[in-house]
Amino acid sequence: MDSAFIIIELDNKANIDEKELAYRCSHGDPEALTELYNRYATKLYSLCSRYVSNPSEGNDLMHDTMLKAFERIKQYRYVGKGSLYAWLSRVAVNLAIDRLRKGIRMEMVDVKETFPDPDGFDPSEACNSIPIDELQLMIQSLPDSKRVVFNMYCIEGYSHKEIAQRLGISEKASSSVLSKAKRMLSKMINDYYNRNA
C-alpha cells in the first residue's frame with residue numbers, strides 16, 4: 001500500500017456520532033478505538049506533517065497522537081460537533097511542541113532585524129500559482145523552530161503570547177522567529193516562481 005500508514009478496515013461504525021464514539025472509546029471498546037483511528041488518522045497525519053520535516057516523522061507523530069488519545073480519552077469533553085477532532089489536534093500539537101523542546105534549542109533572532117523583500121517581491125501574489133503540495137514542502141523544509149512557530153501562528157491561529165507560553169520563550173522571540181520563517185518562505189516562493197514563470 002502506498003499510504004504512509006495503514007487504515008484498519010472496519011465493516012460498520014461509520015455512522016456513530018463523535019460523542020458516542022468518545023464515550024465508547026473511554027470504556028475501552030476495541031471497535032470504537034479502531035473507528036476513532038480510521039476516522040481521524042488521515043486528518044491528523046496531515047496536521048502532524050506540517051510540524052515535522054519528513055513523512056516518516058509525520059506518521060510517527062500521528063501514531064503517538066493516537067496512542068496518547070487512547071490513554072487520555074476520558075479527559076475529552078464533548079462541546080459540539082467537531083470537538084473530538086479539535087481535542088485530537090491539540091494532543092498532536094502538544095506532542096509536536098514537546099518534541100521540539102527536547103530536540104532543539106529555539107533559535108533567537110533580534111526582533112529589530114528586518115528582512116526586506118528582494119526587488120519588492122510579494123510572495124502572496126506568487127502563492128496563487130504554486131500547487132498546495134509545493135507550499136507544504138516549503139513549510140516542511142523550514143528549520144524546526146521556524147516551522148513550529150509558523151504553523152502555530154499562521155495555520156493554527158495561536159497568538160504570540162500563547163506560542164511564547166507553550167514554547168517557553170518570550171513573545172518578542174516568537175515574533176522574531178516568525179519573521180525569519182516568513183522571510184525564508186518568501187525566498188523559497190520567489191525561487192519557485194522564477195524557476196516556473
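**View 1. Tyrosine 40 and tyrosine 85 are both buried.** Buried here means under 20% relative accessible area, with a 1.4 Å probe and protein chains only. Welcome to a predicted model, in which local features need pLDDT of at least 70, side-chain atom pairs count only at pLDDT 80 or more, and totals for chains, interfaces and linings use all residues. Residues are numbered from 1 along each chain as its sequence is written, and side-chain values use heavy atoms, with hydrogens and water left out.

**View 2. Two aromatic pairs occur in the structure (ring centres of Phe, Tyr or the six-membered ring of Trp within 6.5 Å).** In the pair shown, the ring centres of tyrosine 40 and tyrosine 85 lie 6.2 Å apart with planes at 20 degrees, so the two are stacked (planes under 30 degrees apart). This pair links distant parts of the chain, 45 residues apart: tyrosine 40 belongs to helix H2 (residues 30–49) and tyrosine 85 to helix H4 (residues 83–103). Helices are DSSP runs of H or I, at least four residues, numbered from the N terminus.

**View 3. Lysine 43 places its charged end over the ring of tyrosine 85.** The distance to the ring centre is 4.1 Å; the criterion is NZ of Lys within 6 Å of the centre and within 35 degrees of the ring normal.

**View 4. Helix H8 (residues 160–167) crosses H9 at roughly 105 degrees, their axes coming within 8 Å.** Axes are lines fitted to C-alpha atoms over the stretch in contact, with angles from 0 to 180 degrees between N-to-C directions. H8 is therefore roughly perpendicular to H9 (65 to 115 degrees). His160, Lys161, Ile163 and Ala164 of H8 meet Glu171, Ser174, Ser175 and Leu178 of H9 (heavy atoms within 4.5 Å).

Note on methods
Phe/Tyr/Trp six-rings, centres within 6.5 Å; stacked < 30°, edge-to-face > 60°. Helix = DSSP H or I, 4+ residues; strand = E, 2+ residues; numbered from the N terminus. Buried < 20%, exposed > 50% of the residue type's maximum accessible area, 1.4 Å probe, protein only. Parallel < 35°, antiparallel > 145°, perpendicular 65-115°, else oblique.
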